[in-house]
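Please find below a note on the model under review. The points are arranged by structural element.

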Amino acid sequence: MKKLLLTMVLAAFATTGFAADKVRFGTEGAYAPWNFMDDNGKLAGFEIELGAELCRRAKLECEFVVNEWDSIIPNLMAGNYDVIMAGMSVTEKRKETVMFSDEYYPADPSRYAAASGDKFDFDNLKGKKIGAQGATVQAGYLEANLKEGNTIKLYEKPDQSVADLAAGNIDLLLADDSFLKPVVDGSGGNIVFVGPGVQIGGGVALGMRPKDTELAGKMNAALAEVKKDGTLDNMIKEFFKKGPFYATEEKSAMTMESLLKKINALEMRVKELEKK
Amino acid sequence: MIESIIESLVNLLGEDWRAGLEYITNGKHMMWYASIRFTLIAAIAGAAFAVLFGLLGAALKQSAIAPLRWIGSFYVNIVRGVPDVLFFLFFPLAFEQFVEYIFSRTRCTAEEIASNAGSWPPCDAAQWYLEGNDYLILACVSFGIVYGAFAANVIHGAMQAVPHGQLEAAQAYGFTKKQVFWRFKVRQMWTYALPGLSNVWMLLLKATSLLSLLQIADIVLWADRLGAPNYLARAGMVHPDWRWKYYLVLFVFYILMTMLSERVFDWLQRRANRGMVEVN
């Protein structure tokens, strides 16, 4: 027993020292194409690539850790990681606890998805079962606006909500357009977008503890860089087929470095194609 | 290694099987198979702790000193009455808070505590970052405490079941009190305790499916991740909700583990019965 306690205390020491030099990013790992686990069991997606790019530019050593969505803010505060990068929209409510960076994805209307063939009167939704992921802006919207006369069902994980929609357990699913788009496209016509988009919450940004202003400064500087040279727009285009949102006129005056990088990437791509 | 196994299986079964075989041996599935280690570690280490706490609890329960006896009864009765899920969630967090409290008393300065009033922990030095392995250790200890209470009850009963004449005879032969306890009471106790302990083990084994509650990436969590519907080709094979298939595999896994455990307990029982008169 004594030995065990000792190991535990030692482990605690070891990890406290460790956490200081590495910046840890908390993500959900179940929200394609933002962040997900690929078939190799590794984290992948838009935010994983963008996070790595930001750290490279800010000259920080970073790693991603997976954390469930519903405890992602408390565990940031508890210090399990230093940054939330999990498709989190900026809202007034969240701003009370979390310090947000500049956005890296613009405010995106939420959409309703339903089984194909179902008809809805969106001016007067009544008696419907409507789903969303818990602790999201969509969940807040449903609770505030559509609770009367409808049944709201909240899910712990986004894929559960999709599975329940596909199984017919809910009539409508309200979620980010960027998340639903691949679901609708990949469902073979079984799941379709219905009704108008709903604008809830602001853009997507990194979440940090309010006292970590130095880290936020570094992240914002790196974000400004990737916005300016078009890297972020390219990533958004690659993953969401949208944009460009951020590149300004200065895009034409690209830096030598980024041009060289692009040429290198193109060469690699050509080589890959030749191989095939 | 895996590629050559797939090749030989494809040769054996035909080309149609290739995609399926490659799918169930991809990195994500391999991590699922590897995560069995958490279940096994939790079960075995949990059982070791449970026997330890069980012996301790049983010893306390029949102590000659009244306060110790009360502690033993309190432990056995209270912990047995708390749902294992609840205790499993409570203990690691409570322990973490306790450690952070100790740290904050020794590491934080008075100014830090004053300036961070209301936030926990009061200073960074007192922060204890719980990670996967810490959670696993805490999970094992929680299992040990919960199932130790059941084991204590079983062991206590089994000790009472040892025929009193045996102990008196031992005493008459001049064995010391300690020797009588260890060489006669505990030695013979196992015969009576094993059937009950095997029950406790089964409960513990089933409870290992709770590990994912502590964010340990165990077989249940991976089954969930693998079975979740995927509509994005970039994220791997596109498939609808397959969780039931993966849960079915877990059913089979747990049933196999149960069958294996029965065998092991049969063998243990035979060993414990050596040299004993048939008990009925």
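**Note on the predicted model**

1. Strand 7 of chain A is joined by 4 bridges to strand 13 (residues 204-208) of chain A, and the two run antiparallel. Strands pair if DSSP finds at least two bridges between them; strands (E, at least two residues) and helices (H or I, at least four) are DSSP runs, numbered from the N terminus. Within this pairing, A:Phe100 stands opposite A:Gly207 of strand 13.

2. On conventions: this is a predicted model, in which local features need pLDDT of at least 70 and side-chain atom pairs count only at pLDDT 80 or more, while totals for chains, interfaces and linings use all residues. Residues are numbered from 1 along each chain as its sequence is written, chains are lettered from A and ligands numbered from 1 in the order in which they are written, and side-chain values use heavy atoms, with hydrogens and water left out.

3. Strand 7 (residues 99-105) of chain A has 5 of its 7 residues buried, so the rest of the structure largely encloses it. Buried means under 20% relative accessible area, exposed over 50%, and partly exposed in between (1.4 Å probe, protein chains only).

4. Over all chains there are 27 aromatic pairs. Rings of Phe, Tyr and Trp (its six-membered ring) pair if their centres lie within 6.5 Å; planes under 30 degrees apart count as stacked, over 60 as edge-to-face and the rest as tilted. The rings of A:Phe120 and A:Phe122 have centres 5.9 Å apart and planes at 50°, so this pair is tilted. A:Phe120 counts as buried at 16% relative accessibility, whereas A:Phe122, at 23%, counts as partly exposed.

5. Helix 5 (residues 66-81) of chain B has 16 residues and spans 22 Å from first to last C-alpha, close to the 22 Å expected at 1.5 Å a residue; the expected span is 1.5 Å times one less than the number of residues. Its buried residues are B:Gly72, B:Tyr75, B:Val76 and B:Val79. Down the axis of helix 5 of chain B, these fall within an arc of 95°, so they line one face; the arc is that of the directions from the helix axis to the C-beta atoms. On the other side of helix 5, B:Trp70, B:Phe74 and B:Gly81 are exposed.

6. The largest nonpolar core has 60 residues, and B:Phe143 and B:Trp201 are among those with the most contacts inside it. Such a core is a set of buried Ala, Val, Leu, Ile, Met, Phe, Trp, Tyr and Cys residues joined through side-chain atoms within 4.5 Å. Its largest share, 12 residues, comes from helix 8 of chain B.
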